[in-house]
Amino acid sequence: MAQVTLKGNPVPLEGNIPQPGDKAPDFRVAKQDLGDLTLKDLSGKVKILVAVPSLDTAVCALETKKFNEKAAKENGITTLIISGDLPFAMKRFCSTEGIDSENLITGSQFKDFSFSKNYGTHIAAGPLAGLSARAVFVVDKDDIVRYTELVPEIGSEPNYDTVLAEAKKLV
């Protein structure tokens, strides 16, 4: 069980973070149209799985926009932003921010926490309990984890350049 911080305060996480070489755990999230999306639906694609607490926070919004600018424009890479937001809020965010890419998908955990629990990012206690810590996973076409980044401070951004470089190696 890992731990991160929020403004310097410890935040316990539930589950185990998959490591490079591990089979990516399955998950189920709700798309903007309320339909389900699973890992199996993305099989055969290079995936950047981005866990954020909520798109209604400045860092999560910035991170989503940066992944849209950087990764979603790369051919052969599908980026999935996963948060605790309702699909309606995610759709509104994407519309407002001009995010309309078939290579950047948003997925909500509002009815199923399998992503954050299976990927070890589920916040177990504190003010953000039930949401996900900030993390990024690069998964290859065969659903093997190739890169993992658990951001130690929830209010910090991931290393975009490293994530993108790792994903590009797999295309």
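Here are some questions and answers about a predicted model.

Reader: Happy to start with the rings: how many aromatic pairs does the count come to?

Author: Two rings of Phe, Tyr or Trp pair if their centres lie within 6.5 Å. By this rule the count comes to six.

Reader: Is the pair of F27 and Y119 stacked or edge-to-face?

Author: Good one to work through. The ring centres of F27 and Y119 are 6.1 Å apart and the planes stand at 70°. Planes over 60 degrees apart count as edge-to-face. The pair of F27 and Y119 is therefore edge-to-face.

Reader: And how many residues apart in sequence are the parts that this pair ties together?

Author: F27 lies in the loop between strand 2 (9–14) and strand 3 (28–30). Y119 lies in the loop between helix 3 (114–118) and strand 8 (122–123). Both F27 and Y119 are buried. The parts that the pair ties together are 92 residues apart in sequence.

Reader: What angle lies between the planes of F115 and Y119?

Author: F115 is buried, and so is Y119. The two form a stacked pair, with 4.3 Å from centre to centre. Ring pairs also link F115 and Y119 with F27 and F137 into a cluster. As for the angle between the planes of F115 and Y119, it is 15°.

Reader: Now some backbone angles: is K7 buried or exposed?

Author: K7 is not a glycine, yet its phi is positive, at about 55°. Its place is in the loop between strand 1 (3–6) and strand 2. The relative accessible area of K7 is 74%, and a value over 50% counts as exposed. So K7 is exposed.

Reader: And D143, buried or exposed?

Author: Most residues other than glycine have a negative phi. D143 has a positive phi, near 65°, and sits in the loop between strand 9 and strand 10 (145–150). Its relative accessibility is 7%, so D143 counts as buried.

Technical notes. Residues numbered from 1 in each chain as written. Predicted model: local features only at pLDDT ≥ 70, side-chain atom pairs only at ≥ 80, totals over all residues. Heavy atoms only, no water. Phe/Tyr/Trp six-rings, centres within 6.5 Å; stacked < 30°, edge-to-face > 60°. Helix = DSSP H or I, 4+ residues; strand = E, 2+ residues; numbered from the N terminus. Buried < 20%, exposed > 50% of the residue type's maximum accessible area, 1.4 Å probe, protein only.
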